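Please work through each task before reading its solution.

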Amino acid sequence: MIDREPGRIWRNSPVDAILLGICIVQFAGTIALAVLTPDGLWPRLGSAILVTAMITYSVLIVNHMFVHQPWFTDQRLNALVSLMNSANIAQSVQAYQLSHVRNHHRYNNDRKRDGVTADLSSTYRYSRDDDHAPLWRYLAFSLAASAREFVGTWASLRRLCGVGPAETTLLGWAARHPDRRAAELAQVRYDRLAHLSFIVLLAVLSWQWLLLCYLPAVAAAFTWVNVQNYYRHFGAEPDSRYANSVSYYSRLYNRLTFNDGYHQEHHLRPTTHWTRLPEVASQYQERLDEAGRVVSTVPPVVGFLDTGRIDRIAQRSSATRATQ
């Protein structure tokens, strides 16, 4: 239970002001790049790389923290942050919250049943068998899904970006209580309007930069986000509460990413504030060790560099069969 003192601004901790500051810097920085990036291959390439890094970090770290634990006690302030961050990550933050919290964390990267997965981001979803899909296949299908969502956001302009009756998946994730459901779907609309308005602003500032830098950067960022999700779960055991995701415990990485490496701990306690995830690791240490889970040797966004993971998974499977 969170103690909401009268006049208190921050829902959990004032340290979340750092995350808010990163959001503001990204928003202003993107506009500055659109205005100031000179013509030429190398300046535009550097600009696109920087935008890719900002969007990737914002989706994986900043907004991931926000959708689980909104920063303010005042929901109006949280709604404003959602608008700004929808511009920052090129998608509705509220829609991301619904899909991530109510779909991914409900089904935890599940395996196929009757040929489909309940978790729409599952690494098993696009496989031709019952194993993880190959990385390239997962990335291709996931990027195609993101492209369809992007097009769908523009198509929703004919209803002022409201959630339409054909968007059954999103409607299925929305709250059942009428007031809360109305608020969530309204926030999706406002987020979409903020996202599209930001794109129009960038086009007015420099349509060349939008086409040659921003849009390719969005596609690249979504790809890196999917790489991260893939290696956060590749080799994990969906049916085990203590081994259904992959953690990475580098101190430097976790300082730079607000303890994002404690991903198994995050799946155990999704509503725990990022500052307390190391406490969750200590609390469940014995059970985590007994689960025979996979721990990454590299950050998940470059998980393909963890070349020994397949061998560790095989050793774990052999040990499990021997025990049985």
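Predicted model: local features only at pLDDT ≥ 70, side-chain atom pairs only at ≥ 80, totals over all residues.

**Exercise 1.** Identify the salt-bridge partner of Glu 237 and locate both residues in the chain.

*Solution.* Step 1: Glu 237 pairs with Arg 111, and their closest N and O atoms lie 3.3 Å apart. Step 2: Arg 111 is in the loop between helix 4 (93-107) and helix 5 (135-155), whereas Glu 237 is in the loop between helix 8 (207-231) and helix 9 (251-256). Step 3: the two residues are 126 residues apart, and the pair thus links distant parts of the chain. Step 4: Arg 111, at 29% relative accessibility, is partly exposed.

**Exercise 2.** Describe the surroundings of the salt bridge between Arg 76 and Asp 74.

*Solution.* Step 1: the closest N and O atoms of this pair are 3.0 Å apart. Step 2: exposed means over 50%; Arg 76 has 65% relative accessibility and therefore counts as exposed. Step 3: Asp 74, at 25%, counts as partly exposed.

**Exercise 3.** State whether Arg 309 and Asp 306 are buried or exposed.

*Solution.* Step 1: their side chains meet in a salt bridge, with 3.2 Å from N to O. Step 2: both residues are buried.

Technical notes:
Residues numbered from 1 in each chain as written. Heavy atoms only, no water. Salt bridge = Lys/Arg side-chain N within 4 Å of Asp/Glu carboxyl O. Buried < 20%, exposed > 50% of the residue type's maximum accessible area, 1.4 Å probe, protein only. Helix = DSSP H or I, 4+ residues; strand = E, 2+ residues; numbered from the N terminus.
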